[in-house]
Amino acid sequence: MKEIVVSGIRPTGHLHLGNYFGAVQNFGLMQDEYDCFFFIADWHSLTTHPRPENIQGNAHTILAEYLACGIDPDKAVIYIQSDVPEITELYLYLNMLAQLGELERVASFKDKVRLHPDNVNVGLLTYPTLMAADVLIHKATKVPVGKDQEQNMEMIRRYARHFNHLYNVDLFPEPESFHPEGPMRKVPGLNGSGKMGKSEGNAIYLSDDEKTIRKKVMKAVTDAGPTIPNSPKPEPIANLFALMELVSDPSTLDYFDNLYKCCEIRYGDMKKQLTDDINRFCTPIRERIHHILADIPYLKGVAKRGAEHARQSAIGTLNEVRQTIGFPCR
Ligand code: TRP
């Protein structure tokens, strides 16, 4: 039997290059090897965005972007979380296992409390149990997530163990974080330091048009340039090179690397090249996104089919859970 992979993304923005190289790029390969469930975590998005303007539209946008990146609805199950009500019932059972003190100690919860003391809702507190329900509902063994999700992953494993132990069953496997072919690529932002992220405001989105991409790259932070041959690259410069490594030809990267080493680099030229290469990379994806988004009935069909498959899997697990606790099967 194939291993089961589950991955979710909150529909609070567009996919950016960080999402792509960090995770989504691998989904195309994973769907050939594993039983994959890729979903849009629209319930999770309510924890921070309680009044979305168009939650269905946001989900469709990410769905189109996923499809444009090569997720194939004939190979993977791709669905919208809120289309699978079984997840909420499992969430309820897991909340009976979850300990308040432990949830309060989750680093991302504490960050959110610090940043938004006016909206410390219980949904935010129980974010990890909802995430656990997402993963355990399909009995996933692998979850492709970055380092920032490690604490959530530990809690998911703990809930799985706790449930199995409490009811003396072997129902849930303990899922592991999954980094296909080494650690996932950390993609830097363009503002000098840190990784690319929507909340960091330094992202290049797959849906950005050429002009927007040009503007963002040309604005990237640089410095006056090296004056000593073979000097190490300060972070903003290293970041430009890291982006180039992702989208450009190795020979292009070499070319600018050599110019840097002999202190002859002109960042304007490098940025122009990087702009062209990012555009070359993004344009076909962007065109596919627009093409798919223009066909809402198709998107709705994909979501419907995905939900049916996801529910099949979810109902199977939930019936076992209900039976284990003592409820009748449904
Ligand atoms: N917490 C994840 C994030 O912020 C999103 C997510 C929700 C998720 N449920 C999941 C990821 C289940 C993997 C599996 O990126």
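Author: Helix α11 passes helix α12 in a left-handed crossing, a term that applies if the near helix is turned anticlockwise from the far one by less than a right angle, clockwise being right-handed. The model is predicted: local features need pLDDT of at least 70, side-chain atom pairs count only at pLDDT 80 or more, and totals for chains, interfaces and linings use all residues. Residues are numbered from 1 along each chain as its sequence is written, and side-chain values use heavy atoms, with hydrogens and water left out.

Helix α11 covers residues 235-247 and helix α12 residues 250-261; they pack at an angle of about 160 degrees, with their axes 9 Å apart. Helices here are DSSP runs (H or I, at least four residues), numbered from the N terminus. Axes are lines fitted to C-alpha atoms over the stretch in contact, and angles run from 0 to 180 degrees between N-to-C directions. The angle therefore makes α11 roughly antiparallel to α12 (over 145 degrees; under 35 is roughly parallel, 65 to 115 roughly perpendicular and the rest oblique). From α11, I237, F241, M244 and E245 take part in the contact, and from α12, T252, L253, F256, D257 and Y260; contact means heavy atoms within 4.5 Å. By class, this contact has 6 nonpolar, 1 polar and 2 charged residues. Nonpolar covers Ala, Val, Leu, Ile, Met, Phe, Trp, Tyr, Cys and Pro; charged covers Asp, Glu, Lys and Arg; the others, Gly among them, are polar.

Helix α14 (residues 296-325) has its axis within 9 Å of that of helix α4 (residues 86-97), and the two cross at roughly 30 degrees. That angle makes α4 roughly parallel to α14. Their crossing is left-handed. On α4 the contact uses E86, E89, L90 and Y93, while α14 supplies R311, A314, I315, L318, V321, R322 and I325. The classes here are 7 nonpolar, no polar and 4 charged residues.

Helix α3 (residues 55-68) also packs with α14, at an angle of about 85 degrees and with the axes 10 Å apart. Helix α3 is therefore roughly perpendicular to α14. Here Q56, H60, L63, A64 and L67 of α3 meet I296, Y298, L299, K300, V302 and A303 of α14.

As for the wider arrangement, an automatic or database domain assignment divides the protein into domain 1 (4-185 + 295-325) and domain 2 (210-290). Their centres, taken over C-alpha atoms, are separated by 34 Å. The contact takes 8 residues from domain 1 and 9 residues from domain 2.
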